[in-house]
Amino acid sequence: MTIYLIRHGESEHNVDYTIMEHIHDSEHNLTELGQKQAKATADFLKNVVSEKNYFI
């Protein structure tokens, strides 16, 4: 069995912690780098996902 642990890409508050003072954590957008990281993860998963995989 192979287990992949995936986190979100870089978000605005990862770059500027003061954003947390004004914006709820669930409303933080990904940075340009974070969007590239998410795309790279999606591209990777396209090659490993099969009908036998489970996502939790």
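Reply: Lys46 is exposed, because its relative accessible area is 63% (exposed means over 50%, buried under 20%, partly exposed in between, with a 1.4 Å probe and protein chains only). This is a predicted model, in which local features need pLDDT of at least 70 and side-chain atom pairs count only at pLDDT 80 or more, while totals for chains, interfaces and linings use all residues. Residues are numbered from 1 along each chain as its sequence is written, and side-chain values use heavy atoms, with hydrogens and water left out.

Me: Which residue does Lys46 meet in a salt bridge?

Reply: A salt bridge is a side-chain nitrogen of Lys or Arg within 4 Å of a carboxyl oxygen of Asp or Glu. The two partners are three residues apart in helix 2, so about one helical turn separates Lys46 from Asp43. At 3.7 Å, N to O, the partner of Lys46 is Asp43.

Me: Which residues are linked with Asp43 in a network of salt bridges?

Reply: Asp43 also meets Lys39 in a salt bridge, at 3.0 Å from N to O. Asp43 and Lys39 are four residues apart in helix 2, and therefore about one helical turn separates them. Asp43 itself is partly exposed, because its relative accessible area is 30%. The residues linked with Asp43 in the network are Lys39 and Lys46.

Notes:
Helix = DSSP H or I, 4+ residues; strand = E, 2+ residues; numbered from the N terminus.
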